[in-house]
Amino acid sequence: MTTPRRAALATWLGGVIVHALLVVALVAVGVFLIVRLVPGDPAQMVLGLKARPEQIADMHHRLGLDQPLWRQFASFLGTLVTTGDTGESIAYHVSSRALVMQRMPVSLWLIGCSAALVVAISLPLAMTAALHKGGWIDQLVRVVPTVTLGMPEFWVGLVLILVFAVTLKVFPVGGTQPGIDGMLYSMALPSLVIALAQTPFIVRSLRTRILDVLGADFVTTLRAAGLPERAIRRHVLRNSLLPALQLYGMKVSFLMGGTLVVEQVFGLKGVGTLLFSAITARDFPLIQAVAMYCALGVVAVSVAVEIAGGLIDHRVRGRAAASRGGAR
Amino acid sequence: MTALIRVRDLTVTARATGATLVDGVSFDVEPGETVGIVGESGSGKSLTLRAILGMPPAGVAVAGGKGGAAPVTFDGGAGDADGTGDAPQARAPRMAMIFQDPVASLDPLCGVVRQVAEVIRYRQGASRRESRARAADLLVSLGLPESLRGRDRYPDQLSGGQCQRVGLAMALAVRPDILLCDEPTTALDVTVQRRILDLLADRRDRLGLTMLFVTHNLGVAAHLCSRLIVMEHGHIVETGPTARVVGDPHHPYTRRLIDAIAHIPEATR
């Protein structure tokens, strides 16, 4: 009895992972092409217009541009697969991968904390708004986020610093502090800035969906059966979660390379600032490394969202297995 | 004998338009009786049922007669039709309802045993484990496969008829005195309809349920009910024992409903 079920589950999970690997492969090709697609000569761009021809030739050699294209790709892929690296950074003269890895923890902390805040803010707000549809709470929940959405992140960040760090002195002005508690302490304000920018979309999607579900027949059945309100809400919430989860997955994907502003405002050494300096310095190997690891992050998030979706809704698993030619 | 359900001047209006959907309907239901409310869509029969349950749909207002008397009362106690009055819970009979669309009436993301078990847990005060076992017993006794004991199924993995059996289990898990049925067989195949009707009759007789059965199909109602109430445009146009209403209809609308039951032409028999 459990064997076909396990098989279906394995088909689904296998499909998700194969899908992710395909995306990673495509991204690798794209990242490889970054250097070739840049208009003009990348070596010239790195060295400037006054560079001597032998310097240019030397840079061509370092970037591997003097090789035929297929060999360039082969060696790029070879290094990427074996060492996870994209070559030595031109500006820092160290492994690009090491540079990215050094910055990754701060970015992951930032995104993780903001995700937790988004959930903590969105679920109760959307539920309350939907349950009091048309009431003043609902209006407030719908209007206030739109206002904060109109304010740019750097400004919200500065206001939060001014209020909570300078005046009230409850959170640090910027930077990071050691240890898990230190990290949480330093991430409070920056992750709040990111969360505030994301919650309006999530709350809206969730509220609409909750209203739909509240009108569904099965809610009437549960009410008629005399279940307490909190039990009914559990059913409603679970049925409302999927669209918001998928929306959030997309939002977080944008976030992977997009925490730059927040990192700047709070003086955090994350991937965003690294990417910024890499682009300014035309540090192609480093740009490739950042792009590659951000893409890996995005793929990891979408896999996580897919799996979470499958845990919430069994039909997601079934559909995936069926559409990927699973045994059904 | 005193009536178990007493409906007096029940009026339901649409809040938005002010249109009267149920217009001063009154009737009694005695303990152990099965009463059918028959009429076409828009006759107000389902609204009447929902008003009795105390869960009118959004956008309608329920009112009683003059002097603010409660439109629905039970067993002598005060009714709780609009959900605001405080009914004497100790004396009020327990009600449960089964619905028209059996699949949509179940949470699609929740296994059916779990759904029934949840009702048992909250309404009968059983432990998680105990209520799960009782839920599986109940479902199997209502004709669902034994395999449910080992492994739960989601509503979309069951047929419409099986889902309606689950719906009945959800209702019976409340341990009701009164079972309200809102077109429970309309969405089902004809062959399945008959089996569900027989199951309902069987449970009613075994558990001594009082039943209110809403349908647009006079044939289905006649199969199950001892007394019929015929409704048209929010009014009761005819009421009486089933045999009398079907055999000797007084109102032209009732006659039309009887003619609407499909007959197999003599020639093809």
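Predicted model: local features only at pLDDT ≥ 70, side-chain atom pairs only at ≥ 80, totals over all residues.
Residues are numbered from 1 along each chain as its sequence is written, and chains are lettered from A and ligands numbered from 1 in the order in which they are written. Local features need pLDDT of at least 70, side-chain atom pairs count only at pLDDT 80 or more, and totals for chains, interfaces and linings use all residues, while side-chain values use heavy atoms, with hydrogens and water left out.

**Stop 1: the cores**

Select Val116(B), Leu139(B), Val166(B), Leu179(B), Leu200(B) and Phe213(B). Within the largest nonpolar core, which has 116 residues, these touch the most other members. Such a core is a set of buried Ala, Val, Leu, Ile, Met, Phe, Trp, Tyr and Cys residues joined through side-chain atoms within 4.5 Å. Buried means under 20% relative accessible area, exposed over 50%, and partly exposed in between, with a 1.4 Å probe and protein chains only.

Now colour helix H5 of chain A, residues 96-131. This helix gives the most to the core, with twelve residues. Helices (H or I, at least four residues) and strands (E, at least two) are DSSP runs, numbered from the N terminus.

Centre on Val166(B). Residues up to four places away in sequence aside, Val166(B) touches Leu106(B), Val112(B), Val116(B), Leu139(B), Leu144(B) and Leu158(B). Contact here means heavy atoms within 4.5 Å.

Then pick Val35(B), Phe74(B), Met95(B) and Ile229(B). They belong to a second, separate core of 31 residues.

**Stop 2**

Show both sides of the contact.

Select Thr221(A), Ala224(A) and His314(A). In chain A, these lose the most area to chain B, together 23% of what that side buries.

How many salt bridges does the rule find across the interface of chain A and chain B? There is one. A salt bridge is a side-chain nitrogen of Lys or Arg within 4 Å of a carboxyl oxygen of Asp or Glu. Zoom in on Arg234(A) and Glu118(B): they form a salt bridge, with their closest N and O atoms 3.5 Å apart.

**Stop 2: Arg317(A)**

Stay in chain A and click Arg317(A), in helix H14. Beyond its neighbours within four places in sequence, Arg317(A) contacts Leu9(A), Trp12(A), Gly310(A), Leu311(A) and Tyr154(B). Its side chain reaches the backbone oxygen of Gly310(A) at 2.6 Å.

**Stop 3: salt bridges within the chains**

Over all chains, the structure holds 20 salt bridges. Start with Glu229(A) and Arg223(A), whose side chains meet at 3.0 Å, N to O. Glu229(A) is partly exposed at 32% relative accessible area, and Arg223(A) is partly exposed at 32%.

Move to Arg227(B) and Glu33(B), a salt bridge at 2.6 Å, N to O. Arg227(B) sits in strand E9 (227-232), and Glu33(B) in the loop between strands E2 (20-29) and E3 (34-38) of chain B, 194 residues apart. Glu33(B) is buried, at 15%.

Next, select Arg204(B) and Asp205(B), bridged at 3.1 Å, N to O. Arg204(B) counts as buried at 14%, whereas Asp205(B) counts as exposed at 56%.

Back in chain A, show Asp138(A), Arg142(A) and Arg207(A). A network of salt bridges links them.

**Stop 4: two positive phi values**

Most residues other than glycine have a negative phi. Select Arg175(B), with a positive phi of about 55 degrees. Arg175(B) lies in the loop between helix H4 (160-172) and strand E7 (178-182) of chain B, and is exposed at 52%.

Finish at His233(B), where phi is positive, near 50 degrees. His233(B) is in the loop between E9 and strand E10 (235-241) of chain B, and is exposed at 61%.

Terms used: Buried area = accessible area lost by both parts, 1.4 Å probe. Polar contact = N/O pair within 3.5 Å; in protein donor to acceptor, adjacent residues only side chain to side chain.
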